[in-house]
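Colleague: Please take me through this model. I would like each label set against its cut-off.

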Amino acid sequence: MKTLLVVANETLGGARLLTRIKEKAAAEQDGLRVVVCVPRTNPRQGNIIYDEAVFDAAQVRIDLARKIMREEGIEAIGEVGDPDPYTATMDAIAEYRPDEIVISTYPAASSGWLRRDLIERIAEATQVPVEHVVVDLDQEGLPFGVTLAVANRTASSPALLEALKARTEELERHVFIFVVPQEGGHGVAARQARARLTQMIDRARAADLICAGMIADPDPFNAVMNALQFFRVDDIVISTLPATRSGWMRADLIERVRRASNKPVEHVESTEAEAAA
């Protein structure tokens with residue numbers, strides 16, 4: 001069985017890349033093992049870089065790509081790589097010994113990887129065939145709808161889940177990216193956020209939603225803005241406690257996100273009792 005290493009970041013969900021992977025899988029009678037490598041990307045928003053959030057953002061890309069490929073009959077494994085795409089690729093080559101490499105980028109005018117001659121450097125450093133797949137998401141879009149869902153204490157609320165399920169009725173294929181901001185920068189806050197994220201994902205997958213998620217910056221506005229840097233989304237759903245008990249609402253989060261993102265933003269209100277049900 002041959003091994004194909006796919007190196008991509010924002011273009012990982014692009015239709016052209018997915019089509020090329022499907023073509024390569026179909027051409028291999030003995031099967032094809034696909035390894036997806038996504039270099040980490042540091043966020044632009046916020047004064048502190050939360051390592052878990054940066055790692056999670058790359059892992060979300062991998063998880064969603066694997067689920068989409070699995071729907072196409074392609075099994076894949078994934079690895080979060082070094083922030084430097086050359087180092088990430090060389091590390092993955094050393095680990096998985098691929099027979100072929102596909103590197104996906106934006107067009108030359110907007111690709112930092114191409115400005116750093118990534119394709120040529122990898123080809124010169126290895127004896128492995130390297131194919132470059134250009135994905136122009138501005139022109140092509142994604143072959144599925146993407147909703148960013150942001151919540152913390154209400155992450156498991158039935159009202160939020162119903163709002164997300166409604167989106168699957170509008171599009172044949174829809175994916176969801178969950179973001180759970182931490183309540184502070186200490187270790188306990190990260191564990192609490194991850195536990196809430198796990199519950200959120202479990203309930204969504206039980207409802208047959210294609211989803212993945214990450215914990216994020218304690219400032220919910222920064223968390224949303226960083227997620228919009230990491231991912232291309234169609235709309236945003238923000239779940240909060242009632243206005244009288246919600247710090248997010250007192251900080252005017254919904255309107256701030258709506259103005260800054262230029263995306264449709266839906267607000268779902270839930271009580272902690274409903275979320276815990």
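**Strand pairing and helix packing**

Modeller: Start at one pair of residues: Val-237 stands opposite Glu-266 in S10. Five bridges join S9 to S10, and the two run parallel. The model is predicted, so local features need pLDDT of at least 70 and side-chain atom pairs pLDDT 80 or more, while totals for chains, interfaces and linings use all residues. Residues are numbered from 1 along each chain as its sequence is written, and side-chain values use heavy atoms, without hydrogens or water.

Colleague: What makes S9 and S10 a pair?

Modeller: Pairing takes at least two DSSP bridges between two strands. S9 and S10 have five, so they count as paired.

Colleague: How do you know that S6 pairs with S7 and S9?

Modeller: By bridges again. S6 and S7 (residues 174-181) share six, in the parallel sense. Ala-149 stands opposite Phe-178 in S7. S6 and S9 (residues 235-240) share four, also parallel. Here Thr-147 stands opposite Asp-235 in S9.

Colleague: In what order do the strands of the open sheet lie?

Modeller: The five strands run S8-S7-S6-S9-S10, with parallel pairing. The edge strands are S8 (210-216) and S10 (265-269), as each pairs on one side only. From one strand to the next, the twist averages 20 degrees.

Colleague: Why is S6 called largely enclosed?

Modeller: Buried means under 20% relative accessible area, exposed over 50%, partly exposed in between (1.4 Å probe, protein chains only). Six of the six residues of S6 (residues 145-150) are buried, so the rest of the structure largely encloses this strand.

Colleague: Which residues of S6 point which way?

Modeller: Gly-145, Thr-147 and Ala-149 point one way; Val-146, Leu-148 and Val-150 point the other way. All are buried. In a regular strand, side chains alternate between the two faces of the sheet.

Colleague: Why are H9 and H11 called roughly parallel?

Modeller: H9 (residues 220-230) and H11 (residues 253-261) pack at about 30 degrees, axes 10 Å apart. Roughly parallel means under 35 degrees (over 145 is roughly antiparallel, 65 to 115 roughly perpendicular, the rest oblique). That angle therefore makes H9 roughly parallel to H11. Their crossing is right-handed.

Colleague: Which residues make the contact?

Modeller: Contact means heavy atoms within 4.5 Å. H9 supplies Pro-220, Phe-221, Val-224, Met-225 and Leu-228; H11 supplies Leu-253, Arg-256, Val-257, Ala-260 and Ser-261. They divide into eight nonpolar, one polar and one charged.

Terms used: Axes fitted to C-alpha atoms, helices over the stretch in contact; angles between N-to-C directions. Left-handed = near helix turned anticlockwise from the far one by under 90°. Nonpolar A, V, L, I, M, F, W, Y, C, P; charged D, E, K, R; others polar.
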